[in-house]
Amino acid sequence: MMAKRPVGRSFNAMLTVTFMSCMGVLLVFVAMSLIPRLSSMLESYAIDRTRETVLQSVNTVDIFVDNMLSTLYFTTTVLPDEVDDQAQSWVSQMELIKASNSSIISIALFNEAGALLGSTGGGELRQAPQKVREEEWFTQALSWGGTVTYFSKPHVQHLFKNQYAYVITLARGVYYQKDNRMARGVVMMDIDYSSLSSLIEGISLGESGYIYVLDRRGELIAHPKLQLIYSGLYTEELEAVNRFWVGQGRDQAQGRERVLISASLNQTRWRMVGVAYIDEILAMQSAFMRTLTIVIVCAAFLSFAVASVMAYWITRPIRRLESTMRSVEAGDLNVSLAETGFREMRAVASAFNLMLKRIRALMDQILQEQEKKRLYELNALQAQINPHFLYNTLDSIIWMEERGRSREAITMVSALAKLFRISISKGRSVITVREELEHVRNYLIIQKMRFKDKFTYEITAQEEALGERTVKLIVQPLVENAINHAIDETQPEALNIHIDAGVTREELIFTVADDGIGMPPEVLESLLTAPAGKSGIGVKNVHERIQLTYGDRYGLTVHSVEDEGTTVTIRLPRCGKGEAV
Amino acid sequence: MKKSLIVSAVLVTAVLFLMIFGFDAPAANAPADQTPILLLVENDTGAFLMQFRQGAQLAAEEQDRELKTEVVTAATLGNGALSGGSQIFGGALLLIGDDGLRARALSLLDELDIPSVVVSQTAAAHVTVSADQKQAGILAGSFAAGYDTVFLWGGGPEQCAGALGELGEATVLISNPIDPEAVNACVVALDEESALALGKEKAAGAWDHSFVCWDPGAEFRAAWLESGIAQAMVLPAPYAMGYKAAAAALWAKPVTAFGVENRLVTPENMYDAQCVKQVFPLLH
């Protein structure tokens, strides 16, 4: 037989869905509120980091340049009071300075005419002083008169014979004593360009971002692809950065959007520009978003798993209850629920166990009652086919035949046959009042033939009562009881037995009254409650059968007065007219 | 009811899987093609090679690749294998002047199915990268355009065509002995051999005309310009050639001849940053 499929949603599923819904709403809320904010923050953070990198590089280069400027300034402060054409003492100091700083390529002192007064390395000028005077660094430094330092673009220094270096030239005008007269000159210092470029090379701004340097005219000085730019193989878009000069901007180059961070170097008015590509910044964003998505998915999965486990755990007592109830439904009442878990569930389990206990008690009671009823019916039947009664009756019939009183014998046999027919009643336990009274009449016919004048009887009944139904064989034991116990052998008067059947609106009432010897009160009291084996078993049997069948409201009431007689009243509910069942 | 516990277990397993493997971006997991680029040379010295290699290095780094230089000889190629052994290369650059050696190397690379780029030479059915010959002629011709007489020496057809196209109304004497008496004359040498020969003539005082020439070699560039032997030089750009060759080895699918522009260097601009790598290739 297939198990019945449960109908409707399970509590466990509902709890899981509820938990999941709550978690889902929470996760969606968190995601919706966090993602745009984090995305924006991440982009800002990436740009800020680019700016910080650029500013840090600017700071590094500024420190380097300041150091160089300080060194140059120092070279001017140590000029001797009187500078001769060789400036030997000054050159010696410059050699020391150069030796202590690998970034310095050369330091030289020129007079106003462009003639070399002294230089580190002792190089010989490649060109005439007139040519030196035409150099931009010389003219600018001389014109600024020692207040401002000239800072050149990177170039190949070719001042000295057989010496080439890629340098940045610093120059500053100086005043010195020459032949007791104040003279003007220029101190020039070449800085190795690689010392400067190494400060910005290798700075990474994302995957392919970079830093480049522009001079004050917006021309490129340093760039990681400078040679490619000079060769025409690469173009650096400078329009945007030359438009906003310093600060932050965006432009488009080679089809990619870029963030440009421009900052100015303090002393040189050069600008350092950091370039970061938006797609790389967004790639970082998308990596973060991917991580966040995975975290959210994991959180959703975990919350679903936790919700499932929690729902399973929470509904476990209910499932146990359901399982136990199914066992009870299947007929197993010997089960019980463990009174554990939540307080409410413990209360439910306790109540359920109590209910089961009561059901078991009631079931036991019903079983006992059924057993009693069966026993009483058996007793009633046995009583009806009392062997003594049968033996006596048959003995009487034989006796009548022997005396030739066949007619009476026939009457007795006929009455006995009717008695047994109604007793058996085709196995029915309920018969009509008419049948019940007929049964009593047959019994009395037999007994009357046996006891002759010992008693008389009268059977009356309301016409309305005759059709009512009643449990069978409830009147005869009372009549038998009256014949057996109410006849006073010492009195000549016959016992009068009156049997009546009547109805009220709700009840069917049989009355068996006699004017016999009656019963003492103690007998009367114990008549319906006496244990088995005592007298009046038939009466008690009738009483209990009625109560088992119709309830405690019904049954027998006995009224007896000693030497006056006994009246037994049987009260039954009216079960309606019709065929007996 | 066990179903929900099983589903939970599956979900927790999925979470663990995601936590372990999910955070690596697919790009990080994908094996990127990082096979190196092979530079085959006859010898591992020279200013041109240094500049060329720097340019190729930059292109390789842009593609997260390594540049490996290998000196090839007839003996190594005779063994039928590159010294890289079984290593796979993403591309190869051949800076080999010797025709036989270059052909053998190309054959080997073709057998290994390695894309090859021939530098400064021509090779059938292969990508080539070289100095733009016509543009070199144009640069030289444009310098000599203002002179009445131009003595044109050396160079291939493309260089000559480029130069002649610029000379316009000037009297052009091709491969003629240089007349020291010529007025307002300019001597143009379109190849290294002619440049060296004519430069030495001028240094010896055989004539004193303006002289513009193709790159005479690293040792003469600065000296000739500073001393006035040459008034201009057309210098190739090995750095750019290296960059373009490495890029072509990785990216160029069809057989193409790439020409890299040259630069006209004069005493006025020879110290400029733009010319440093060409005039003074050994300077940092």
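Visitor: Which residues do ring pairs link into a cluster?
Guide: You're looking at a predicted model, where local features need pLDDT of at least 70, side-chain atom pairs count only at pLDDT 80 or more, and totals for chains, interfaces and linings use all residues; side-chain values use heavy atoms, with hydrogens and water left out. Residues are numbered from 1 along each chain as its sequence is written, while chains are lettered from A and ligands numbered from 1 in the order in which they are written. Rings of Phe, Tyr and Trp (its six-membered ring) pair if their centres lie within 6.5 Å, with planes under 30 degrees apart counting as stacked, over 60 as edge-to-face and the rest as tilted. Pairs of that kind link up B:Trp207, B:Phe211, B:Phe220 and B:Trp224.

Visitor: How many aromatic pairs are there over all chains, and what kind is A:Trp144 with A:Tyr150?
Guide: By the ring rule, the count over all chains is 18 aromatic pairs. For A:Trp144 and A:Tyr150, the ring centres are 6.3 Å apart and the planes meet at 40°, so this pair is tilted.

Visitor: Is A:Tyr150 buried or exposed?
Guide: Here we go by relative accessible area: under 20% is buried, over 50% exposed and in between partly exposed (1.4 Å probe, protein chains only). A:Trp144 comes out at 29%, so that one is partly exposed. A:Tyr150 has 9%, so A:Tyr150 is buried.

Visitor: How many residues apart in sequence are the parts that A:Phe389 and A:Tyr443 tie together?
Guide: These two make a tilted aromatic pair, 5.4 Å centre to centre with 35° between the planes, and both A:Phe389 and A:Tyr443 are buried. Helices (H or I, at least four residues) and strands (E, at least two) are DSSP runs, numbered from the N terminus. A:Phe389 belongs to helix α10 (residues 387-402) of chain A and A:Tyr443 to helix α12 (residues 433-451) of chain A, so the parts tied together are separated in sequence by 54 residues.

Visitor: Which residue has its charged end over the ring of A:Phe455?
Guide: A charge sits over a ring if NZ of Lys or CZ of Arg is within 6 Å of the ring centre and within 35 degrees of the ring normal. A:Arg319 lies over the face of A:Tyr312, 4.1 Å from the ring centre. Over A:Phe455, at 5.5 Å from the centre, you'll find the charged end of A:Lys448.

Visitor: How far apart are the end C-alpha atoms of helix α1 of chain A?
Guide: The expected span of a helix is 1.5 Å times one less than its number of residues. Helix α1 (residues 11-77) of chain A has 67 residues, so 99 Å is what you'd expect, and that agrees with the end C-alpha distance of 93 Å.

Visitor: Where is the kink in α1(A)?
Guide: The bend at a residue is the angle between axes fitted to the seven residues ending there and the seven starting there. In α1(A), a kink of about 30° comes shortly before the proline A:Pro36, at A:Leu34.

Visitor: Which three residues supply 18% of the area that chain A buries against chain B?
Guide: Contact means heavy atoms within 4.5 Å, and here it takes 31 residues from chain A and 36 residues from chain B. Buried area is the accessible area (1.4 Å probe) that two parts lose on being put together, summed over both. The two chains bury about 3100 Å² between them, 73% of it on carbon and sulfur atoms. More of chain A's share than any other three residues give comes from A:Tyr164, A:Gln227 and A:Tyr230.

Visitor: How far apart in space are B:Val265 and B:Arg221?
Guide: B:Val265 is in strand β12 (residues 263-265) of chain B, and at 0% relative accessibility it counts as buried. Not counting residues up to four places away in sequence, B:Val265 touches several residues, including B:Leu225 and B:Met270. B:Val265 and B:Arg221 are 44 residues apart in sequence, and their C-alpha to C-alpha distance is 9.4 Å.

Visitor: What is the phi of B:Ser120?
Guide: Most residues other than glycine have a negative phi. B:Ser120 is in the loop between β4 (116-119) and β5 (127-131) of chain B, and is partly exposed at 34% relative accessibility. B:Ser120 is not a glycine, yet its phi is positive, at about 60°.
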